[in-house]
Amino acid sequence: MPLITVHVNGVETTKEVEPRTLLSTFIREELKLTGTHVGCDTSQCGACVVSIDGKTIKSCASFAWQFDGAKIQTIEGLANGTELHPMQEAFRTHHGLQCGFCTPGMVMTAVALVENNPDISENGIREGLEGNICRCTGYQNIIDAVKTGAKAMRG
Amino acid sequence: MYEFDIITPNSIDAAKSEFDAAEDGQFLAGGQTLIPVLKQRLAMPSDLIDLEHVHGLSGISASGDTISIKAMTRHTEVAADHEVQAAIPALAKLANGIGDMHVRNRGTIGGSIANNDPAADYPAAVLALHATIVTDRREILADHFFTGMFETALEEGELITEIHFPIPEAASYMKFANPATRYALVGVMVAKSHNNVRVAITGAGPCVFRDAEMEQALMGNFSPESIKDGMIPADDLNTDIHASREYRAHLISVMVRRAVAEAVG
Amino acid sequence: MDTTNITNGIGKSQERREDFRFLTGAGSYIDDMNLDGQAYATVLRSPEAHADVSSIDITEALALDGVLAIITGEDWKVAGYNPIPTKSAVRKAIDGSDLKEPPHHPLAIDRVRYVGQPVALVVAESIDVCKDAMELIDVDYDSLPSVSHQSEAIKDGAPQIWDIAPNNICLDFELGDQKAQKKAFSEADHIVTLNLVNNRVTAVPIEPRGALASYDAGTGKYTLWNASQNIHAGRDTIADAVLGIGKENLHHIAPDVGGGFGVKNGVYPEPILILHATKLLERPVKWFNDRSESFLSDTHGRDQVSTVQLALDKDGTFRGLRTETVGNLGAFCATVGPFTPTGGSSRTQGGPYRFDAIYYTAIAPFTNTCPLDPYRGAGRPEGSYQMDRIIDYAAAQLGMDPIELRRKNLIPTEDLPMKSPMGLDIDCGNFPEVFEQTIAMSDRDGYDARVQKSAAAGKKRGFGISMYLECTGGGPKEEAKVSFREDGKIDLSVGSSSTGMGHETAFAQILAGHLGLEIDDVVFRQADTEATAIGGGHGGSRGLEVGGSAVLQTSREIVEAGKKIAAHKFDVDADKVEFSEGHFHVPGSNHTMTMREAIDAQNDPDMLPDDMEPGALNISSVFERGIISIPNGGHAVEVEVDPETGTIKVDGYWVMDDFGTIINPMLADGQVMGGVAQGLGQALMENIVYDDGGQLVTGSLMDYAMPRADDMPRMVIGYYEDAPTAKNLLGVKGAGEAGCVGAPPAIVNAVCDALKDFGVHHIDMPLTPERVWRAIEDAKAS
Ligand SMILES: Cc1cc2nc3c(=O)[nH]c(=O)nc-3n(C[C@H](O)[C@H](O)[C@H](O)COP(=O)(O)OP(=O)(O)OC[C@H]3O[C@@H](n4cnc5c(N)ncnc54)[C@H](O)[C@@H]3O)c2cc1C
Ligand code: FES
Ligand code: FES
């Protein structure tokens with residue numbers, strides 16, 4: 001079994017993984033970071049999105065061993081203790097979540113969208129969220145949250 | 001998922017010899033097709049030969065009249081590349097319309113072309129732009145590359161290393177997305193160079209294809225009016241819950257007209 | 001309506017308390033839970049729509065390393081458990097005979113009747129081993145003819161699914177006065193007929209279903225953590241009706257649940273199977289559906305075909321309405337299944353419009369498809385669609401203006417309260433005003449310019465409206481239990497359950513607001529059979545109406561008890577004590593005592609009057625609502641259609657809702673917007689398709705289209721708050737389902753409006769680009 005070292009939310013971990021272990025399974029079951037969710041089996045829903053070296057990916061469509069040496073950020077790594085990341089805060093003020101199941105993937109995606117394009121437009125946000133399905137909110141409050149989050153992230 | 005072993009070569013030669021040594025090896029690029037397939041237990045390779053660390057398989061370069069894209073270049077990189085945007089904007093747009101941001105951050109052009117999904121976007125560009133697929137052993141012209149549904153001219157263990165895209169005078173890609181997968185229900189790439197026009201259609205049939213009648217008509221007059229309804233017979237097109245073959249035939253005409261209109265500017 | 005004592009609780013967009021947990025990844029959903037020594041279970045599902053199971057060979061699978069148990073229908077027969085009963089409120093056919101309820105066992109016994117039906121449970125050390133083992137199970141199926149569509153199922157000669165149900169009919173149903181309807185029809189100037197399909201859809205909560213079971217051999221007690229919305233009723237069905245273990249021996253808990261929309265209300269086979277397995281193995285057992293299994297096995301919704309007839313006079317006055325529906329039940333009676341096309345779809349027939357008479361009939365047949373059960377709205381979306389579609393259709397046929405036709409026929413306020421021809425008690429509301437406000441907010445002034453702009457781009461623009469009438473309340477009873485801890489925290493337990501609706505906030509808001517305490521001190525517990533004795537779960541938009549009322553009732557009882565404590569301290573009669581803004585006081589004196597002081601006093605016998613025991617403020621109270629409440633509202637929609645491709649862009653969306661009192665506008669907006677998205681999904685893209693052989697064609701998110709962010713318009717939502725209901729303590733009318741009730745007819749109306757110049761006046765949902773394109777082509781050709 002390959003031995004991999006990953007830096008997850010700033011913490012270095014070395015573990016053996018089976019070749020077939022998905023990154024999502026590794027994060028949830030080995031690292032016990034259960035904020036990364038699995039909502040589908042065809043890589044459509046985006047509940048599993050994490051950030052690798054600043055780029056978002058669907059952790060259900062990747063193997064853990066592919067990220068040997070990488071910096072992985074999950075939803076658990078976004079807040080600073082009890083101080084929420086501005087994007088998390090914006091989701092909260094805008095009621096950008098209901099059941100919360102899609103939320104980790106949504107927030108990770110939103111942060112990346114804004115990092116790539118600080119002045120992102122409403123259309124840009126809507127298109128940028130193409131790989132993330134939310135069944136609860138109708139998206140509007142998510143869009144508004146991303147706008148506010150973007151503003152806060154610009155500072 | 002079934003069990004398999006992994007091999008992480010760092011040169012093309014090593015990748016090839018590892019492939020030959022494996023009982024039933026398979027290359028792994030971005031994994032955005034292969035991993036979902038493995039999860040569904042639809043494939044059972046003995047070994048995955050990871051191309052990620054193979055030197056010289058990634059990057060974009062422009063030389064004179066050609067854009068060359070190495071096999072492991074991610075969709076995101078093609079979409080954001082300034083040279084691609086300047087030389088073949090339609091190609092950058094196509095890459096930017098594949099799947100979603102997360103998929104684009106992993107998926108590669110080589111993987112897409114090798115896989116030849118009937119609804120994939122890149123094959124339309126490769127065919128319409130008359131690209132050349134360079135492998136570890138030869139060069140294959142686009143016209144000879146896509147041979148059938150999920151089938152290509154690649155031999156067992158043949159590795160795509162890069163794709164050369166001749167820069168056209170004008171080109172445009174129009175995609176009518178499947179509402180569920182967002183792959184192409186119908187995708188049309190129209191490319192014009194010198195006195196030649198090529199029209200490649202993906203999503204509509206079992207495999208990407210060109211349409212000679214439309215190409216002829218557009219060579220006569222490169223304008224949307226040249227495309228008449230019914231130029232494409234529906235008979236050989238795909239039919240599924242999202243679109244019947246008749247509707248696909250209709251969409252092809254509409255998408256080609258729109259592509260030409262955009263290319264004309 | 002008494003809202004005087006709810007000082008800081010109501011009307012505020014309080015941020016949600018649960019959000020910190022959800023936003024930081026600290027939620028605890030079923031798949032996040034694990035127990036020491038747990039085994040994993042997967043379900044082998046039938047690949048056949050209808051077949052005799054002639055043999056199941058598990059020898060090879062059982063021999064696989066890591067396989068712990070394989071349970072089949074044979075084992076189930078031997079165990080002698082009872083089938084899962086339906087709880088349908090409608091149980092009699094028109095002739096008075098009982099509905100035909102076939103035995104619904106968690107595993108197929110001898111015969112399978114739909115693709116996806118559980119055939120065996122595999123338990124192993126890991127999911128991978130389970131899946132390996134499933135491939136080694138050898139099942140022999142002898143295929144039988146099958147039927148997927150309800151209209152086919154009731155025809156003579158159709159394959160028969162159950163011996164007890166000739167022509168596959170579970171039951172038929174009628175409501176209303178047929179004679180009066182016939183009279184109205186005979187007197188009316190016009191009768192307009194429209195055949196409608198309410199497409200089959202599924203809820204797709206982003207969290208799939210799953211459960212974790214454990215068994216304590218010492219006490220004989222089971223614990224089941226279940227991604228369910230209906231914990232108490234589920235416990236009773238599973239423990240008492242099916243397994244016969246006694247409900248006191250099943251502790252049923254829902255952790256955080258990632259969406260439900262009705263589909264997590266019912267009792268499903270899998271949790272029952274793992275309860276059996278956990279006892280058998282004396283190990284905890286966990287099961288979690290794949291998304292593709294969810295498509296096969298989560299109950300589906302809607303799937304009704306109807307003929308609607310509207311009788312009206314020359315001047316547009318509605319006279320009578322006649323609806324005939326055939327509603328698919330799938331292969332079994334699900335938990336509420338037979339109720340949906342019968343009682344569920346009938347009650348709101350006629351909507352907020354005035355009729356002399358309405359007559360509704362339904363037939364509910366079985367088919368070889370996954371069972372159907374309530375999905376957000378459960379019958380009312382179908383009723384609303386029938387009503388508001390036929391208005392536009394009639395307007396087109398008769399050359400009338402659909403807006404004027406509505407204006408003319410809305411029930412005037414002076415008619416309220418009234419009993420509708422369907423027997424529905426409409427207590428309050430102001431339909432004409434809600435209608436006018438809906439129109440007023442929808443920017444009609446700029447419409448013509450937008451039509452021109454669309455036309456210049458080769459597009460067609462259309463406007464549509466619907467006026468929905470809802471009835472909400474679900475299970476009538478709810479318990480709210482409050483106890484005050486020494487450390488100042490307040491435990492609040494409620495039997496209803498939230499799967500994203502924010503009860504943890506809204507209920508705490510009501511309690512803290514009423515008592516004048518800090519919301520942050522409230523510790524909320526829900527959906528746990530050991531936290532409250534009863535619980536109505538979720539369903540029928542009942543959370544606030546019933547659960548919220550229970551919290552308010554308990555809060556009031558606490559205040560009353562607190563008054564006695566204060567009276568004892570002030571040495572006055574309790575009826576002299578008043579309570580406001582968190583203080584007990586006696587008018588005209590300077591006696592005061594805070595709620596906190598009363599709480600501290602409740603454990604000190606010296607501070608209590610003689611007839612009070614310590615802990616007297618720890619109160620549990622059961623609220624029972626009166627008849628269901630009647631939310632209503634208007635949806636207005638603007639669409640732009642590309643006639644060349646048939647693509648629809650929903651370009652403007654306005655909603656005016658009458659939900660009575662609005663407790664928390666932010667949460668209400670969220671419910672409406674989520675509902676609209678699901679309604680838009682149903683109208684434009686969502687469709688569960690079975691082929692003629694009973695195979696599910698839309699078996700994954702690769703085939704089943706769902707709205708994404710770029711499919712949704714910006715929605716503008718307003719509330720009409722001048723008609724709070726007296727049917728519950730809060731004056732609220734359920735907000736949870738209305739969005740997906742109003743959306744489909746409004747959207748389809750808008751599209752048909754856009755296409756009227758082509759002569760297109762109806763298209764069946766979902767309005768996929770191809771269907772729109774075909775409708776235009778067909779209209780051009782004819
Ligand atoms: C949610 C989702 C949405 C998507 N939407 C779209 C879309 O809209 N349009 C679209 O076109 N695609 C779409 N895709 C597919 C995506 O573009 C994939 O990236 C692509 O098809 C395969 O590329 P890959 O690098 O991921 O290849 P992999 O999955 O790693 O490999 C695919 C196949 O190609 C072989 N292969 C890979 N590289 C080479 C090589 N260099 N030489 C020879 N053989 C090789 C592999 O052995 C394998 O058989 C989507 C995928 C997902 C998960
Ligand atoms: S779980 Fe990864 S996309 Fe759905
Ligand atoms: S909040 Fe429930 S799926 Fe998005």
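**Reading interfaces, strands and buried residues**

Reader: Let me start with the join between two chains. How many residue pairs are in polar contact across the interface of chain B and chain A?

Author: The general idea first: a polar contact is a pair of N or O atoms within 3.5 Å; within protein, one must be able to donate a hydrogen and the other to accept it, and residues adjacent in sequence count only if both atoms are side-chain atoms. By that rule, nine residue pairs, both at pLDDT 80 or more, are in polar contact across the interface of chain B and chain A. On the side of chain B that touches chain A, the elements giving two or more residues are α2 (34-39), β3 (47-50) and α6 (101-106) of chain B. Here helices (H or I, at least four residues) and strands (E, at least two) are DSSP runs, numbered from the N terminus. The largest share of that side, six residues, comes from α6(B). By class, the side of chain B that touches chain A has 13 nonpolar, eight polar and seven charged residues. In that scheme Ala, Val, Leu, Ile, Met, Phe, Trp, Tyr, Cys and Pro are nonpolar, Asp, Glu, Lys and Arg are charged, and the others, Gly among them, are polar.

Reader: What should I keep in mind about the model itself?

Author: This is a predicted model, where local features need pLDDT of at least 70 and side-chain atom pairs count only at pLDDT 80 or more, while totals for chains, interfaces and linings use all residues. Residues are numbered from 1 along each chain as its sequence is written, chains are lettered from A and ligands numbered from 1 in the order in which they are written, and side-chain values use heavy atoms, with hydrogens and water left out.

Reader: What area is buried between chain B and chain A?

Author: The size of an interface is often given as the accessible area lost when the parts come together. Buried area is what two parts lose on being put together (1.4 Å probe), summed over both. Between chain B and chain A that is about 2,300 Å², with carbon and sulfur atoms giving 59%. On the chain B side, K39(B), M101(B) and H102(B) lose the most area to chain A, together 26% of what that side buries. As for contact (heavy atoms within 4.5 Å), 28 residues from chain B and 27 residues from chain A take part.

Reader: Which residue forms a salt bridge with E130(A)?

Author: A salt bridge is a side-chain nitrogen of Lys or Arg within 4 Å of a carboxyl oxygen of Asp or Glu. E130(A) forms one with R182(B), the closest N and O atoms being 3.0 Å apart. The interface of chain B and chain A has three salt bridges by this rule.

Reader: Now for the other interface. How many residues of chain A are in contact with chain C?

Author: Here 49 residues of chain A touch 51 residues of chain C. The buried area is about 4,300 Å², of which carbon and sulfur atoms give 54%. Six salt bridges are counted between chain A and chain C, and R28(A) and D31(C) meet in a salt bridge at 3.3 Å, N to O. The rule also finds 23 residue pairs in polar contact across this interface, both at pLDDT 80 or more. On the chain A side, α2 (86-93), α3 (103-116), α4 (122-128) and α5 (140-154) of chain A each give two or more residues. That side divides into 18 nonpolar, 18 polar and 13 charged residues.

Reader: Which residues is D19(C) in contact with, leaving aside its neighbours within four places in sequence?

Author: D19(C) is in contact with R92(A) and L97(A) when those neighbours are left aside. D19(C) lies in helix α1 (residues 19-23) of chain C. Buried means under 20% relative accessible area, exposed over 50%, partly exposed in between (1.4 Å probe, protein chains only). D19(C) is buried at 0%.

Reader: Why is strand β14 of chain C called largely enclosed?

Author: Nine of the 10 residues of β14(C) (residues 318-327) are buried, so the strand is largely enclosed by the rest of the structure. Two strands pair if DSSP finds at least two bridges between them. Strand β13 (residues 300-312) of chain C and β14(C) are antiparallel over nine bridges, and V308(C) has T323(C) as its bridge partner in β14(C). The two strands form a hairpin with five residues between them, and G316(C) in the turn has a positive phi of about 95 degrees. Seven bridges join β14(C) to β15(C) (residues 357-365), and these strands run parallel. There T323(C) has Y360(C) as its bridge partner.
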